[in-house]
Protein chains: 2
Amino acid sequence: MAKVSPRTLSGFMELLPAQQMKMERMMQILRDSYALYGFTPLDTPIIESAEVLLAKGGGETEKQVYRFQKGDSDLALRFDLTVPLAKYVAQHYGELAFPFRRCQIGKVYRGERAQRGRFREFYQADIDVIGDGKLDILNEAEIPAIIYNTFTKLGLTKFKIRVNNRKLLNGFYAMNGMSEKAGEIMRTVDKLDKIGAEKVKALLIDEVKMLPCKAENVLDFMAICGTNAEVIEALERYRCMDVTFDQGLDELIAVTRYLRDFGVPEENFAVDLTIARGLDYYTGTVYETVMSEHPEIGSVCSGGRYDNLAEYYTDKQLPGVGISIGLTRLFYVLNEQGLLSDELITAPCDALVLPMTEELGFAVAAATALRNAGIRTQLYGEKKKFKAKMAYADRIGVPFAVLIGEDEMNEGVLSVKDMKTGEQVKLAPDAAAQYIAQRVAAMNSGSVIKE
Amino acid sequence: MAKVSPRTLSGFMELLPAQQMKMERMMQILRDSYALYGFTPLDTPIIESAEVLLAKGGGETEKQVYRFQKGDSDLALRFDLTVPLAKYVAQHYGELAFPFRRCQIGKVYRGERAQRGRFREFYQADIDVIGDGKLDILNEAEIPAIIYNTFTKLGLTKFKIRVNNRKLLNGFYAMNGMSEKAGEIMRTVDKLDKIGAEKVKALLIDEVKMLPCKAENVLDFMAICGTNAEVIEALERYRCMDVTFDQGLDELIAVTRYLRDFGVPEENFAVDLTIARGLDYYTGTVYETVMSEHPEIGSVCSGGRYDNLAEYYTDKQLPGVGISIGLTRLFYVLNEQGLLSDELITAPCDALVLPMTEELGFAVAAATALRNAGIRTQLYGEKKKFKAKMAYADRIGVPFAVLIGEDEMNEGVLSVKDMKTGEQVKLAPDAAAQYIAQRVAAMNSGSVIKE
């Protein structure tokens, strides 16, 4: 028979077992962490009506969307988890309690040009809090606090959540009479990291057509840095010139104070006035998260406050605040950088029961006893030589082999072999389960990410 | 602005929060149960090249596939998890250890005619064990044992795993000189449940053109029933007439013996000679699982032994055995029948911290203490009246409200209110955490499914 070459599409991540185990661990940590903060886990369809999904329309995103006909239906695959959330909240408005807190970890699709580290199918891990009409500023501090805790649980330490407030920026541009050019200015200022202040200034003057003194004002403002207290002190000097600015400053002060209350250390968050995010969407606090030693990766977790989640579906005013981890990309980068720990068990099981006799009853009972003690156990039933069995144990990287021969059956014990040290002990089934469980717990006590 | 009507496509399940929590619980039980048996959790792309996905071609399935162009690529959405597994194993053959045990819980897509209880996007929860060239019969007993344990953990008791062996059927038809008509006969016999023995006999004679005595032979064979021992005893009478039959009988005897070793009670599995499953795929033991009090649902979990997983991709002989739970359909049916327990907590949090003061520092600290104790906690930050806050607590169905006013702050305690009984106690944060944790554990101690 002619064979079809088995292959995976470019831009689609498909992991080998050991890698997949690492990914599963990360996902489980995200699930558990989000749950701890009281978020409802949602699961919306991957396929939606194109009309619904593209209600906002326009932009780069639409070009990338996987869109197709099935029968008479014009369908599209979701390209983020925010639009499905907006749809969900508008559709089920009467059945939800607000604030509505939801998390969703799911695949999204973008037909981007394929390139290394870019994915067409990737996981996003989102949390959002949606208010009905109003939403307290406290939520704008809790969201980055959740990210801090989640990243910490993953084992990341060298990261910084950069916080800004769109009202500060809008207010600043208004007080300088630059509101109309704000979008253009922000896009230019965004290049600060890459090309430096002098070149940005030149662009502001030559291309954005600003007066040199105004361009300097912008650069002076963007250059404000220091501890969060110092930044806020510097910002206080702009107070009372613009109502929106003052409101933004009050919000920023509240957010930084609450972040302290939530126990987020100063080294993990910083006010950064250069951050703007999606220009036509966010209206208050905005976030980006960078890995301090890998700034080249860019933001691994971004979001912010918006005033109108579902304006394309409903007249209801639904403000919210949310953040999204680009999980597939984060995993890819961590893996490439060698930052995923190899100390945790990546084998599909903790114990491999190897019967050495024809009669399997005792081996089955042993496997059952181990499983009842919560030990992930594989029972090896193939009729192979001892050497082949041990080679399999090595190959899957199982930490413990449980050998069962005539002697063990007669004595009612299990021979537990530590595959790393080679040490072997004979124990009664219960004791063996305890022995393995303790060691497995110790092996898995570290973090998924090792910096 | 003109609004787009927010809606979900027909045939796509989208659950409200409380329902989603029930689904999440089921999925977590499946994940944990599969892991306990040493299965690698795989995650393959939802989109594959159409050429790869449809390598087998033909049949009803192909008509239902979501297939579309993106750029130059002919793409399709996976319609099951078996074809992606075949692709994966063929593609990564050199990097896998055999037997390769994988589980996968993921969405699949079939553009079926929409009707009540039929889904176009639905979860399958699969386990498979793949051998390289050979695979021991033990695996054919372990697979239904895993399903027994998984269903039991879900809380199901009234279910029966029906087991048959294709070699028994093929051997029986061979010894009766009916091999060529075997497919037709099996399709007719499949109607036994619905139309009864007399009508099946008539069909066998009139349409399949069998001699009456042969048709009777078939019906006599299919009528074999009783305890598993009785069925096997009856089957022994056919021994030594056909090699394949004898092999099938030996396998069936081995499987039923191992099932006992694995601790599967007789009331939960039965040899049933009328079961055939996919005619051109399965070659040994086959399974179906029915809910005893809801036979109308049909099989909720099916599978079997196959000899050649990946023949469309590779010359390697890869026999395997697997089973699939149609999770979305199972959830739908259980929900419709009112079999999903309402006793377990379906709120997104266990504790809702309600600050009654402007100053939130103590409330934040309280929420942090509860979360550190593993309690899913929401901090309510909206500035609303007490009544509105309690109404919210009622609405989300949280079991415990944690009230924090001036008194509590001054005394350094939390007022914990049991939302069901109305009972309220003042406790130090640690004691409050312990109090809530114990009660939450008790509330969640039941099963997801209540028959």
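Visitor: How many salt bridges are there across the interface of chain B and chain A?
Guide: In this predicted model, the rule finds 12 salt bridges across the interface of chain B and chain A. One of the pairs that form a salt bridge is B:Glu14 with A:Lys87, where the closest N and O atoms are 2.8 Å apart.

Visitor: And which helix of chain B gives the most to the side that touches chain A?
Guide: That is helix 1 of chain B, residues 17-36, which gives 8 residues to the side touching chain A. The residues on that side of chain B divide into 51 nonpolar, 20 polar and 26 charged.

Visitor: OK, what area do the two chains bury between them?
Guide: Chain B and chain A bury about 8500 Å² between them, and 58% of it is on carbon and sulfur atoms. The contact takes 97 residues from chain B and 97 residues from chain A.

Visitor: Switching topic, what's the strand order in the open sheet of chain A?
Guide: The sheet has 5 strands in the order 13-12-14-15-16, with mixed pairing. Strand 13 (377-379) and strand 16 (424-427) of chain A stand at the edges with a single partner strand each, so one side of each is left without a neighbour in the sheet.

Visitor: In which sense do strand 14 and strand 15 of chain A pair?
Guide: Strand 14 (residues 400-404) and strand 15 (residues 414-418) of chain A pair in the antiparallel sense over 4 bridges, and A:Val402 has A:Val416 in strand 15 as its bridge partner.

Visitor: Which strands does helix 14 of chain A touch?
Guide: Helix 14 (residues 386-396) of chain A packs on the sheet and touches strand 12, strand 13, strand 14 and strand 15 of chain A.

Definitions and conventions
Residues are numbered from 1 along each chain as its sequence is written. Chains are lettered from A and ligands numbered from 1 in the order in which they are written. This is a predicted model: local features need pLDDT of at least 70, side-chain atom pairs count only at pLDDT 80 or more; totals for chains, interfaces and linings use all residues. Side-chain values use heavy atoms; hydrogens and water are left out. Contact means heavy atoms within 4.5 Å. Buried area is the accessible area (1.4 Å probe) that two parts lose on being put together, summed over both. A salt bridge is a side-chain nitrogen of Lys or Arg within 4 Å of a carboxyl oxygen of Asp or Glu. Helices (H or I, at least four residues) and strands (E, at least two) are DSSP runs, numbered from the N terminus. Ala, Val, Leu, Ile, Met, Phe, Trp, Tyr, Cys and Pro count as nonpolar, Asp, Glu, Lys and Arg as charged, and the others, Gly among them, as polar. Two strands pair if DSSP finds at least two bridges between them. Axes are lines fitted to C-alpha atoms, for helices over the stretch in contact, and angles run from 0 to 180 degrees between N-to-C directions.
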